[in-house]
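Hi everyone, thanks for coming. Let's have the model up on the screen and walk through a couple of its features.

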Amino acid sequence: MSTFKAPKGTYDLIPPVSETFLAVRDALSAPLRRAGYGYVETPGFESVELFARGVGESTDIVTKEMYTLTTKGGDELALRPEGTASVLRAALEASLHKAGNLPVKLWYSGSYYRYERPQKGRYRHFSQVGAEAIGAEDPALDAELIILAVDAYKSLGLRNFRLLLNSLGDKECRPVYRAALQEFLRGLDLDEDTRRRIDINPLRVLDDKREAVQKQLTGAPMMRDHLCEACKAYHEQVRELLTAAGVEFEDDPKLVRGLDYYTRTTFEFVHDGLGSQSAVGGGGRYDGLSEMIGGPELPSVGWALGVDRTVLALEAEGVELQLPASTQVFTVPLGEEARRTLFGVVTELRRAGIATDFAYGGKGLKNAMKSANRSGARYAIVAGERDLAEGAVQLKDLQSGEQAPVALGEIVAELRRKLA
Ligand code: AMP
């Protein structure tokens, strides 16, 4: 061990789990790539102001969890705590919304940073795969994104996840509801912090996990009873489209999510095997966000799925992904001349697209064959001076144990045939 350890709340991705991680990222994004979403990559840091305005001044993310820094040039930057504000900023900056093809559909994958209290499933550095559909108000778009997330989880073999669904209303009905909720909350017995929250972000009080608070919330006005006709009809269509696609969901009138920018459709995926950090993904519609960061009116919808927690959910369900072996052929030279010849064969095999590794470090036959078995390779090539003098190598099937000589000039073609 070195003197150093990974910083608190972080962990390193190392083989073999890192392979699962890559496969999960791939699986979460595959449905998006089949649905017209283009890949976007934004910087790992942005101006603090973007998140303050875009995520919301009253959110935990902005008030407590951002890693901020002042550059030598005096710029106030923050490591990105989430993806939506950055992606929308990038789309606006590149005027993607003006190219005439709305919605602009984008997906991303990367690292996010929140200064949270670390525990299992909650880290200070974590990974998300996300999607945003910018510039269209259409219940089918909300439904599309939810269906793509469900398909992604299912493609991994996950079963024990649930979809929670709610509508947060729009700029017509939300303020009326907000006022009604504030009036109700002001009549409760709450601590000072929570009372302050009533003024800034009363919906978040519904999300309070403390039982003493939850008990008092029975009878609180619910957004779903205050939705205007347009929001009601919109939400009903989303629900119908999901049902038609065979997607099950639970209506959760208390689902508000931690970010200020959501309007109308909000949803969360929870996994029942993860304990307290059960949210594996979530998202919703954010019709006002573009204007909040200085852009035009661009109603949009998106989600972010947590890669770390999806990997934990797979573990919790005992799902093992069928990953292709990283090495197909392992090559074992016996002696100096064989080393030179077989190293050339290794390069040739790799150039032919066959994943090949080599017994480095001049190991003896026994150790080299152990490495071959550990590598997961299906075949081993073994050759010594005597084989090479005859223009041949030994090809060993590591599954059956059978071994036969193959002409040196034929080995690449032979392995291609066998592995096809
Ligand atoms: P959020 O934008 O907070 O809803 O995050 C979307 C998803 O990212 C969550 O459902 C989690 O799966 C994941 N996530 C958020 N914060 C963390 C964290 N601190 N550690 C690990 N995963 C996280």
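This is a predicted model: local features need pLDDT of at least 70, side-chain atom pairs count only at pLDDT 80 or more; totals for chains, interfaces and linings use all residues.

Residues are numbered from 1 along each chain as its sequence is written, and side-chain values use heavy atoms, leaving out hydrogens and water.

Now, β15 (residues 392-397) and β16 pair in the antiparallel sense over five bridges. Pairing here takes at least two DSSP bridges, and strands are DSSP runs (E, at least two residues), as helices are (H or I, at least four), numbered from the N terminus.

Which order do the strands follow in the open sheet of five? It's β13-β12-β14-β15-β16, with mixed pairing. At the edges, β13 (356-358) and β16 (403-407) each pair on one side only.

The whole structure has one cavity of 30 Å³ or more. A cavity is a set of points on a 1 Å grid over the protein atoms alone, where a 1.4 Å probe fits but cannot get out, and lining residues have an atom within 4 Å of a point. The largest cavity holds about 50 Å³, a volume being the space filled by probe spheres set on the points, which are joined across faces, edges and corners.

Its lining includes Arg80, Tyr108 and Tyr112. Which element gives the most to that lining? That's β5, with four residues; β5 spans 104-113, and α4 (84-93) also gives two or more.

Conventions: On a 1 Å grid over the protein atoms alone, a cavity is a set of points where a 1.4 Å probe fits but cannot get out, and a pocket is an open set with protein on both sides within 12 Å along at least five of seven lines; lining residues have an atom within 4 Å of a point.
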